[in-house]
Each structure stands twice: as structure tokens, then as C-alpha cells.
Amino acid sequence: MKLRDSRPASFWPLAIFFALFVLFMYGPMFVIFILSFQGPEGGLTFPMRGVSLHWFTKLAEGLGVVDIGAALWRSLGLGVAVMLCTVVLSVLAGLAFRKRLAGGNTLFLIVVASLIMPSIIVSLGIGLEFRLIDTGIKAVLERGGMESALEGYGTSLGLFTSALGAHLTWTLPFGLLIMFAVFNRFNPAYEEAARDLGATPWQGFAHVVLPLIAPSVVGIGMFGFTLSWDEIARTSQAIGDVNTLPLELQGLTSTVTTPSIYALGTVTTVVSFLVMGITLLLLWALGRRRKGRSG
């Protein structure tokens, strides 16, 4: 006779609590997905009025004076730039911190300090910093008699200057912490074996270290992009005269009263899922390649 596994009395209350927690987190997202596929007579609440792609068509046509397409491309470009910078700087920092550095602890605390500071304060500080840079540049141009350059100069605030720096204050600490965890359990014997076989430091990194840490590098890239993709607070005061897609979406919540804003939310969420899907595909391919080599 097969004995049934007995579950403790706390199992079902905890299971119900977990199900409610998952519903609380992901329920709003699924509601937006559903309402974005309403018909032309649809509103912002249930019940649904038909099923169609009408509001996605309206989204493609534009939402008033807001250029959603341009904002989308700005967010994609910024996300890719943040992802690349986060990966490169995190890997380099991880390699550097494998050895004892003078002032390394202080440097580490400075990097991760941005995680405990309010995001809006970080944004305000970066915006003020770049405005001071603008003042200095204009003073230099004025003293140099470069009137034409002074008239044409706008601001150093921009997508790939101040906004990029603001986003890196959010993504770099996570990338650095991940690389610390990776290299703390990394076996240096692999590198020593490569050196014994005549490999240069660069060859050892490219052919030994990088393939071993590749899954973590891919994960850092995903973190960098997704954290940048939906960032609002750190961008708001450090973006200059353009807006990213999350900032445009925040502004539209008070002016757009049709399901087209739900369609925009669905599109942005799909992009995030695509990034995660590509990441998982890369991890799967790296795992297959590693098994093939070991086999």
C-alpha cells in the first residue's frame, strides 16, 4: 500500500497567500492586456466592448502631439547603451576587484551608495551637475569670443549624456554585485592552466574566463536593459528637452482616456518579455555549447 505524503496544516493557508500575492502582482498587467484588445467602443474599465486591434491601430497613428514612435526609439537606444556600458564596466570592475586595490572598499561603497539614495534626488543632482557644466562651457565660449558657437550651444543635458549617467547609477551596482558573486566562486586554476599552455592574458580572458562567466554577463545585460527601459524617476530631471517612453506614458495617463494607453502598456511589456526571451535563448545556447565542448 502506497502511503500518501502528508502536508503540514500550514500548507494551504500559505498556498492561498502565495496565490493572492501573485494575483496582486500580475493581475493589473493581465487586466491591461485584456482591455487593450477592446473594440472601437471600448472604455477604460470592464465590461469589454468587442475584441479587435483597433486601439493598437490608433496607437500607431499617434496620440495627439506625442510622437510615441520617436519616444520608443529613444528608450530602445538608451536601453541598449545602458546595457552595453553596464556589461563592460561590471566585467572590468569584477576583474579589477579580484586583486586588492588601494581604496577599493571606499570605491565599492561609493558605487552602491546610489541604491540607497532616493531616485529623484539622484536625478536632481545629475541635472544640477550638467547645468553647472553648461554654465562653465558658456563662460569659456563667451571669454573666447566664440559668439556663433555660443548662440548654437544648447545644453549638455541629453539622452546619451546625463540620462545615460543617471541610468548607470541604477544599473551598475547590480552588475557589480553580480560580478563579485561570480568571481568569488571562480576557480583561478583554469587561468593558470591557460598560462602554462602559453596563452597571453587576453587569450586567457577571451577563451577561458569569458566563456565561463558568459551566462552571468548575459544576465547583467538583461538587467541593464530592463532597468533602463522602465526607469522614470532618475530620468525625469536629467533628460533635457526630450522624453523617453516611460516619461511620455506617465504624461499620457492624465490626458488620454481611451484604451490606446493600455495598448501602449501592452507594447512596452511585450518588449520587456522579448528581451527576457532573448536572454533565456542565449543562456540555453551557451549551455548547449558548453555541453558540446565537454562531450
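This is a short tour of one protein chain, from its overall shape down to a few single residues. Keep in mind that the model is predicted.

**The whole chain**

Let's start from a distance. The protein chain is built with 12 helices and zero strands.

As for what is tucked away, 34% of the 295 residues count as buried. Now take the contacts in the protein chain with a separation of 6 or more: 72% of these come from residues 24 or more positions apart.

**Helices that meet**

Next, some helix pairs. Helix H3 covers residues 68–96 and helix H11 covers residues 245–252; they pack at an angle of about 140°, with their axes 8 Å apart. H3 and H11 are therefore oblique to each other. On the H3 side, the residues that meet H11 are Ile68, Ala71, Leu72, Arg74 and Ser75, and on the H11 side they are Leu245, Pro246, Glu248 and Leu252. Sorted by class, the contact of H3 with H11 has six nonpolar, one polar and two charged residues.

H3 also has a meeting with H9. Here the axes come within 8 Å and cross at roughly 140°, and that makes H3 oblique to H9. The crossing of H3 and H9 is right-handed. In this contact you'll find 15 nonpolar and seven polar residues, with no charged ones.

H9 turns up again beside H8. Helix H8 spans residues 189–196 and helix H9 spans residues 201–229, and their axes come within 9 Å, crossing at roughly 160°. Which way do the two run relative to each other, roughly parallel or roughly antiparallel? H8 and H9 are roughly antiparallel, since an angle over 145 degrees counts that way. The crossing of H8 past H9 is right-handed. Tyr190, Glu191 and Ala194 are the H8 residues here, and they meet Val208, Val209 and Leu212 in H9. That contact of H8 with H9 holds five nonpolar residues, no polar ones and one charged one.

**Residues to look up**

Now for some individual spots, beginning with the loop between H1 and H2. Pro47 sits in this loop, which lies between helix H1 (11–35) and helix H2 (54–61). The peptide bond from Phe46 to Pro47 is cis, with omega near 5°. That is worth a second look, because most peptide bonds are trans.

Ser52 is in the loop between H1 and H2 too. Setting aside neighbours within four places in sequence, Ser52 is in contact with Phe37, Gln38, Gly39 and Pro40.

Further along is Leu150, in helix H6 (residues 147–152). Beyond its neighbours within four places in sequence, Leu150 is in contact with Lys138, Leu141 and Glu142.

Ser156 belongs to the loop between H6 and helix H7 (162–184). Is Ser156 buried or exposed? Ser156 is buried, as its relative accessible area is 16% and the cut-off for buried is under 20%. Not counting residues up to four places away in sequence, Ser156 touches Phe130, Ile133, Asp134, Thr161 and Ser162.

Ile110, in helix H4 (residues 104–112), is exposed, with a relative accessible area of 58%.

How far apart are some pairs of residues along the chain and in space?

| Pair | Apart in sequence | C-alpha to C-alpha |
|---|---|---|
| Leu150 and Val140 | 10 residues | 9.2 Å |
| Ser52 and Thr257 | 205 residues | 18 Å |
| Ile110 and Pro8 | 102 residues | 46 Å |

Two of the residues in the table have an in-between accessibility. Leu150 has 22% relative accessibility and so counts as partly exposed. Ser52, at 22% relative accessibility, counts as partly exposed as well.

Key
Residues numbered from 1 in each chain as written. Predicted model: local features only at pLDDT ≥ 70, side-chain atom pairs only at ≥ 80, totals over all residues. Heavy atoms only, no water. Axes fitted to C-alpha atoms, helices over the stretch in contact; angles between N-to-C directions. Helix = DSSP H or I, 4+ residues; strand = E, 2+ residues; numbered from the N terminus. Parallel < 35°, antiparallel > 145°, perpendicular 65-115°, else oblique. Left-handed = near helix turned anticlockwise from the far one by under 90°. Contact = heavy atoms within 4.5 Å. Nonpolar A, V, L, I, M, F, W, Y, C, P; charged D, E, K, R; others polar. Buried < 20%, exposed > 50% of the residue type's maximum accessible area, 1.4 Å probe, protein only.
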